[in-house]
Amino acid sequence: MSAPAGAELGSKGAAARGVTRGARSTTGLGALWVAVVALLAFMPYLVSQADTSILLNFFVLLTMATMWNLLAGYAGMVSIGQQAFVGLGAYGVLVLADAGFNPVAAIPVAAVMCAAISLPISLLVFRLRGGYFAIATWVVADAASLVISSNSSIGGGTGKTVPGMSSLGPRAFEEVTYWAALAVVVVAVGLAYALLRSRLGLVLAAVRDNEVGARSAGARVATARRIVYLVAALGCGAAGALLAVSQLNVQPASVFGVQWSAEMIFVTMIGGIGTIEGPVLGTIVFFLLQQNLAHDGAWYLIIFGSLAVAIAIWAPRGLWGTATSRLRVQLFPVGYHVGRPRRTRDVVPEPPAAPPAASTT
Amino acid sequence: MSWVNAVIQGIMTGGYYALFACGLSLLFGVMGIINLAHGDLAVIAGYVAVLLVPETHLPVVWSFLVVVPIFAIGGYVLQRTLLQASLDRDPFTTLLVTFGLSVVAENALLEAFSSNGQSLNIGSLIAYSFNPTSTISLSYLSLVVLGVAVVVLGALQLFLSRTSTGRLVRAVADDTEAAQLVGVNYRHIFGIAAAIAFATVALAGIANGMYTEFAPTTGPANLLFAFESVVIGGIGSLWGTLVGGIVLGVAQQIGAQINPAYQVLAGHVVFLAVLAVRPRGLFGLRTAP
């Protein structure tokens, strides 16, 4: 499964038929994103501590939503159990920090552990499809929460404080956790983008359009889904690890709460499922709403849930998809557009047919 | 002897789980809808009973006479509106819509009634029990609920196999388009199936409220138990669901016997084991969904 080679193969064949990536200039977009990330990296020096903490939570939710979007929006798997990996990621950091690791350095380790755990889980839950898959993932998350809660060495049901961060001053702690969250979200969105531009993205698009057709053309559908499931566990694990590091207290009821799934699902639905931009927009809407309704307890989830239900039924492409359906604006161009080649010299002779081994792996 | 008691209590609980699960199973079988708000519906039924029954001056035991018709009508209306609208999109949308409704319902209940537990107080009836030996105690309430579950499942089976409406439900479930061709209004039939499913979940919610406390946040646990009963028993089999509920109930009681903290976990472990060894369940059809 060599992803870059696959992408290159795709674009060579594409040029001959006048098939292009959505955006006119990916270099310009790349520069835009570098500038955005650079600006965000400077935020701790520009805004108040409270705003930095809001941004951190924004990054955590955006990471989760991007992962859920990969699962449901691209691979067609509705999981309501991603909180399993959020919780395991948080506990991974706790256990590693207890063993003397630096909690921030433990974030990637905990995320990789989550991906490793997700492999055997996928063997079980992949036996069910659709809604049954959804509830099965929820059962797994509940089981993980119960196992952790019954283990008193890591705090049992009441949870435990993450050690090893007290040596940092409050200012340094705030900056380090913020940058860790920024790094995680950049890697998560970048990984999703890279995956969707790779051969895997082509397989997922083929499956979405016609699963039987994709299978008969030799696409390894189950492998593609499993890779997405592993990546989603990795990302949600990293998000959970960030929660542990930034809140310094890990409680099973909180990190394994189904409200994480609710938030990642609503954010993706409202922003626009099946686009990388959608979760970004949805997370912004979520935080605007939450900041304005924070004093009203559960009200923001009531309003946000109702909005998500309405959008799922009447505007299933979400805010981003609806707004850009005519404009073809793509900030993360992962799709292809068929059109006339713009310049004749782009039209190269059709390359010789690729060997079958290369086109089916 | 306490192990024997655990198994017997598990069988009793299994009846309640089956009562719970048959609505979930029916909605999936007929419309292909997995109702993720199923557990919250039972909680809502409990709150409706708590609110309405004092108004009617009925004894609490008879509260289902009020709540079940309300739920049947509510189920029909919800199916003809929101659920049908999401079904017209695709099954994926029904999942997201029912999950959204579940979260909205849970938080709306939290706002309205706080997170405190409620229960349906049936007075001294809860204490009546039948004691064949000194260590085994069968509460009459559990026996009645198990009986109700068997009656409901039997009635549902008879309704589907013997009545003309039941035949229409099966026809629509088998092939919606072919049923339409011969003049069946499938939306109405879907509404009827939803009405039945909601009525059964109202019964389960009331039974739950009599057994134990419920709170806005207990909905998802109900959903998971109902779902596990369906999968253990085998998707598409009503009596399999009863067996699945009993297997789940016994597993939970044995787990609780080992350590009270393992009650729910033991059920999950048995469910995952069935998924690993026999994914189509004990009595399931040949193909898993």
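Mentor: Keeping in mind that this is a predicted model, start with helix 6 (residues 164–174) of chain B and helix 8 (residues 186–211) of chain B, which pack at an angle of about 110° with their axes 10 Å apart. Because angles of 65 to 115 degrees count as roughly perpendicular, helix 6 of chain B is roughly perpendicular to helix 8 of chain B.

Trainee: Which residues make the contact?

Mentor: Helix 6 of chain B contributes Thr165(B), Leu168(B), Val169(B) and Val172(B), while Tyr186(B), Ile189(B), Ile192(B) and Ala193(B) come from helix 8 of chain B. Sorted by class, that contact has 7 nonpolar residues, 1 polar residue and no charged residues.

Trainee: Switching topic, how many residues of chain B are in contact with chain A?

Mentor: There are 35 residues of chain B in contact with 35 residues of chain A. On the chain B side, helix 3 (64–89), helix 4 (91–113), helix 9 (219–233) and helix 11 (263–277) each supply at least two residues.

Trainee: Which helix of chain B gives the most to that side?

Mentor: Helix 4 of chain B does, with 15 residues; by class, the side of chain B that touches chain A has 27 nonpolar, 5 polar and 3 charged residues.

Trainee: And helix 11 of chain B, what do its buried residues pack against?

Mentor: They pack against helix 5 (103–125) and helix 6 (130–149) of chain A, together with helix 9 and helix 10 (238–258) of chain B. Among the buried residues of helix 11 of chain B are Leu265(B), His268(B), Phe271(B) and Leu275(B).

Definitions and conventions:
Residues numbered from 1 in each chain as written. Chains lettered and ligands numbered in written order. Predicted model: local features only at pLDDT ≥ 70, side-chain atom pairs only at ≥ 80, totals over all residues. Axes fitted to C-alpha atoms, helices over the stretch in contact; angles between N-to-C directions. Helix = DSSP H or I, 4+ residues; strand = E, 2+ residues; numbered from the N terminus. Parallel < 35°, antiparallel > 145°, perpendicular 65-115°, else oblique. Contact = placed C-beta atoms within 7 Å. Nonpolar A, V, L, I, M, F, W, Y, C, P; charged D, E, K, R; others polar. Buried ≥ 20, exposed ≤ 12 C-beta atoms within 10 Å, placed from the backbone.
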